[in-house]
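Please consult the sequence and the coordinates alongside the text.

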Amino acid sequence: MAASPLPSANLLRKQLKMMQSDKDLSNISAGLVDDNIYEWEVMLMISDDCKFYGGGFFRARLSFPGDYPHSPPKMRFETPIWHPNIYPDGNVCISILHPPEEDQYGYESAAERWLPVHTPESILISVISMLSSPNYESPANLEAAKEWRDDPAMFGKRVRKCIRDSLEG
């Protein structure tokens, strides 16, 4: 007798189907990696009105835990991207993807962190918003944060290169 799927698998199937049929999300494409409901490949097509990243096509992966939605997924950009809140290895650092517990450093309140009401859609919309409004006070990439703050022209030049590269690859 086959094991029944985890409740999280059914929820993720429903959320993926809803995202794929939502015409308001035409700038986000999502699908499964190797037919695995817990691994999604997403493409974020950033609108031209987004400061710095407009026109870019950035590929990323969402990896969901078996106890989703009680625990957050992880998100990693596969397309190289220069941003204060994205680690050099592509992992995204945004409050809503942090576990639902008190921040040991006292920087974030529990309400800013992961809540089971978040969906893949709300995560991706938050990440798109983060691209144009980084939190450089709590950076994942210190060099990008310093450049964003101290040398916006150089920051913009690096980001434009990321955009060009995203269109080629």
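**Overall architecture.** The model is predicted. Its chain contains four helices and four strands, and along the sequence these elements are arranged as α-β-β-β-β-α-α-α. Among the contacts in the chain with a separation of 6 or more, 54% are between residues 24 or more positions apart.

| Property | Value |
|---|---|
| Buried share of the 169 residues | 41% |
| Accessible surface of the chain | about 9600 Å² |
| Share of that surface belonging to carbon and sulfur atoms | 53% |
| Space in the largest pocket | about 240 Å³ |

**Largest pocket.** The largest pocket holds about 240 Å³ of space. Its lining comprises Pro-72, Pro-73, Lys-74, Met-75, Tyr-87, Asn-91, Val-92, Cys-93, Leu-97, His-98 and Pro-99. By residue class, eight of the lining residues are nonpolar, two are polar and one is charged.

Glu-39 belongs to strand S2, which spans residues 36–45. With residues up to four places away in sequence left out, Glu-39 touches Gly-31, Leu-32 and Val-33 as well as Arg-61, Leu-62 and Ser-63. Between the side chains of Glu-39 and Ser-63 there is also a polar contact of 2.9 Å.

Conventions: Residues are numbered from 1 along each chain as its sequence is written. This is a predicted model: local features need pLDDT of at least 70, side-chain atom pairs count only at pLDDT 80 or more; totals for chains, interfaces and linings use all residues. Side-chain values use heavy atoms; hydrogens and water are left out. Helices (H or I, at least four residues) and strands (E, at least two) are DSSP runs, numbered from the N terminus. Buried means under 20% relative accessible area, exposed over 50%, partly exposed in between (1.4 Å probe, protein chains only). Contact means heavy atoms within 4.5 Å. Accessible areas come from the Shrake-Rupley method with a 1.4 Å probe; for residues, only the protein chains shown count as cover. On a 1 Å grid over the protein atoms alone, a cavity is a set of points where a 1.4 Å probe fits but cannot get out, and a pocket is an open set with protein on both sides within 12 Å along at least five of seven lines; lining residues have an atom within 4 Å of a point. Grid points are joined across faces, edges and corners, and a volume is the space filled by probe spheres set on the points. Ala, Val, Leu, Ile, Met, Phe, Trp, Tyr, Cys and Pro count as nonpolar, Asp, Glu, Lys and Arg as charged, and the others, Gly among them, as polar. A polar contact is a pair of N or O atoms within 3.5 Å; within protein, one must be able to donate a hydrogen and the other to accept it, and residues adjacent in sequence count only if both atoms are side-chain atoms.
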